[in-house]
Amino acid sequence: MSYIPNTPNDQQAMLATIGVRSLTELFDVIPPAIRLERPLALPPALTEIELTRLAQQLAGRNRSTADTVCFLGGGSYDHFVPAVVDAVAGRSEFYTAYTPYQAEASQGSLQAFFEFQTLIAQLTGMDVANASLYEGGSAVAEAVLMASGLEPRRHHVLLADSVHPDYRQTLATYTANLDLHVQTLPTPAGFLDPADLKHALRDDTLCVVVQHPNFFGCLEEVEALAAISHACGALFIVSYDPISLGLLKRPGDYGADIAVAEGQALGIPLTYGGPYLGLLACRGEFVRRMPGRLVGQTVDRNGRRCWVLTLQTREQHIRREKATSNICTNQGLMALRAAVYLAALGPQGLRETAEACARKAHYTADQLTRLPGVSLQFDRPFFKEFTVRLPVGALERGLLDRLRDDGFHAGLPLGRWYSWLADCMSLAVTEKRTRAEIDALASALGRALTAK
Amino acid sequence: MSQPQATELLFELSRPGRRAHLVPACDVPDRPLSELLPAGALAEKPPPLPEVAEIDLIRHFVNLSTRNMAVDTNFYPLGSCTMKYNPKRHERIAALSGLADVHPLQADESCQGLLAILFELQTMLAEIAGLPAVSLQPAAGAQGELTSLLVAHAYFRHRGEHQRSRVLIPDSAHGTNPASAALAGFEAVSIKSNLRGLVDLDDLRAKLDERTAVFMITNPNTLGLFDDQIGTITELVHQHGGLVYLDGANMNAILGITRPGDFGADMMHYNVHKTFTGPHGAGGPGAGPIAVRDTLAPFLPTPIVARQGERYYLDFDQPLSIGRVRSFFGNVGILIRGWCYIRTLGADGLRRVSENAVLNANYLLARLKGAYEVPYGERCMHEFVASARVLRRERKVSAMDIAKRLLDFGFHAPTVYFPLVVPEALMIEPTETESKETLDAFADTLLRVRNEEAAVLQTAPHTLDISRPDEVKAAKEPILRWKP
């Protein structure tokens, strides 16, 4: 099945119009020496029935969050996705369109992206947001590159060790060959101490990058960090959790210059890490240095309100090597999901969702830390995610495998990224978790820790 | 049927107190928030999002959707974008709970089915490329380019060839090529096209030297031409110690017919959302996996899916790896769709895709070339670039005017004003999933439109929800968000 309507008769008629005898002749321009003279070595073609059966079999070999209670976080969260999100994103008028270059034939997407930009600006308290980036990690990298475009004479980047390790690695990869020096500031107490930042700031510090709440789940002292950064003329970049903004102060309220995020929590399924959604918002005066697409409002020839892609002279298809970023394809459909999600929740729904996460996370922490040998690693406030220290060697001895057998994706072991946290794991608790699930996890953990 | 109901902005539809989502009553002890979080961290009130009822929300977005042209509603011959049909089976499979509800940091043991799919996709993409090592990590074509160039940079650094600072790029290339080169720390150097629209070998020879790191080529190129000098080109680049990069945007023309690895490319990216029918999602998400030669494999981003016996696992153990270009594994949802596509078509099906994509493009070319100038080539691969230069000169009708007028007849416009080497460019890519009747209707329309009065064309479209937007105003006084 190749989804090709041409019949042999059609092909013959078309070949005659073209003036060639065979399909093969159309490829005459390809030198014989480089033609593939055998069929590709690929598995045999499958009908829809066979493909569906195979996919279902393979899907059945995964422990999805539908059958295993998920306390995993670390930048990807098992939040509830309302049906309206799937209903809208499932409209093929949206998902089979492409980048809205022809505005008159793309007003649906353009208006939706304009609304998305507005919703993200409202969510963050920032002046403007772009129409999306790939995901949370490259969003951090793009924010730093954008800062560098704003302040080309500054080359020193300060990055908290409590930022998601994938985001830090992504930033390191993106800046590997550029004239930027990234210095990582340790966070042994689970947060970036403002005094440590003050010491590390230099005259040529371009920007300070923190995550709030951070990878361990802890809140950062964002107001103090922003003020200290600004006092040195450095830009303050924060990676936030969009759900947390139902409760916490917004980046725009505490002085962030560029606010980025992983937007997966806003109605996007887990899907093993992607496609997700990079969010980037900033102060209004930075708009001409922003990466990625922007939708703007204008009028048509009859004065009717409408929307277009705008400020394209920032972008690669116009500016080529001088563009603000190389991004072209973004995450449009995921931005649409986020827009529908935020509109469905509204201010009250977002507040209640955030409250539920915070209450359930604290309840979970209380229940787990009652177990002998389990304690909170950091004495810091947290929102929906927190880090616990477990008895020495428990993780190495297969604790998480055992808990999975009991029906839990219990937590994320942190030793892979932080050797000093080899006996620690983080847990994330969303509004989906119930008291019964949390209590069952505590019991299962208790049993697992006392077994043998 | 397009209609205006509920297409005011969400924010104008908002009324205090309306809701579309409720959160269950809290079943854990209801401690005051002040006990949980420091007062200084809390906002006084939630963000000022709109408040709408579910019916308003759905009617709003569904009515908005009808203001789009899309592959499912209209022929969409947007050159360079491969707007082929997006099979519905892919959507259903990608939404299976056993695939969509898998957390990216689950233990390998708990997602063997997904890893098996991704491993098989790596293997199949390597075979189609003729290049043995694949990374599925990049989120889109442009990120695939960047990743490959970072791999090249690391490779040369490892070999101590620090002087290789330049990336050579034909002037017909996508803008992402030079933008990615700059971001990867290289100087982008433009190579001219010759009179046939192919790489100017003299200019290439003149610019190749010990500073050359990579030559990036799109083949077939953005004019829809297969560069038959490719053997000479790759030989020249290799003689100077450089690497050849294939921009795989146009892979739809050569699946199973010739392989980048076999014609001398050392690395390439795929656009899964184009060649393997993503879908495009109104601008993304895509997926931009890359394939490279053995010698470059140690520098690929991690993780890669590996297999030991019957067990699949994420392999992070690559000491020379460039690191990551994003968080988590990749745009897995799109990769799953690509896997579905290749498994559905098989070798024979993929080859027929390219044969029919090239047939359809040549058929349109044959029907149009008497009426529209096609500066390069009597024949093409999967797309071709016509020019409205004569119309512009004689009747002040531009490529944009033609494009806009096509919308009135229910056809999405071709790509216009790209590639830059053709004035008044109309870049047309029909894809293999269109029927002869559709192609004929499109050709008939283009032929008819050409003879319409200039004034009709210059003011088109006439039948859509809006007429031409004022783009100058949009850029001069940017309004990028709604404000109360």
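Domain bounds are those of an automatic or database domain assignment. On that basis, chain A is divided into domain 1 (69–80 + 347–450) and domain 2 (83–341).

## Basis of the model

This is a predicted model, in which local features need pLDDT of at least 70 and side-chain atom pairs count only at pLDDT 80 or more, while totals for chains, interfaces and linings use all residues. Residues are numbered from 1 along each chain as its sequence is written, and chains are lettered from A and ligands numbered from 1 in the order in which they are written.

## Domains of chain A

Taken over C-alpha atoms, the centres of domain 1 and domain 2 of chain A are separated by 28 Å. Contacts (C-beta atoms, placed from the backbone, within 7 Å) link 24 residues of domain 1 of chain A with 24 residues of domain 2 of chain A.

On the side of domain 1 of chain A that touches domain 2 of chain A, α11 (332–369) and β12 (385–389) each supply at least two residues. The most comes from α11(A), with 7 residues. Helices (H or I, at least four residues) and strands (E, at least two) are DSSP runs, numbered from the N terminus.

## Chain B

The domain assignment of chain B gives domain 1 (10–65), domain 2 (90–345) and domain 3 (349–471). The centres of domain 1 and domain 2 of chain B, taken over C-alpha atoms, lie 42 Å apart. The secondary structure of chain B comprises 16 helices and 12 strands.

Along its principal axes, the C-alpha trace of chain B spans about 75 × 65 × 45 Å. Among contacts in chain B with a separation of 6 or more, 71% are between residues 24 or more positions apart.

Technical notes. Contact = placed C-beta atoms within 7 Å.
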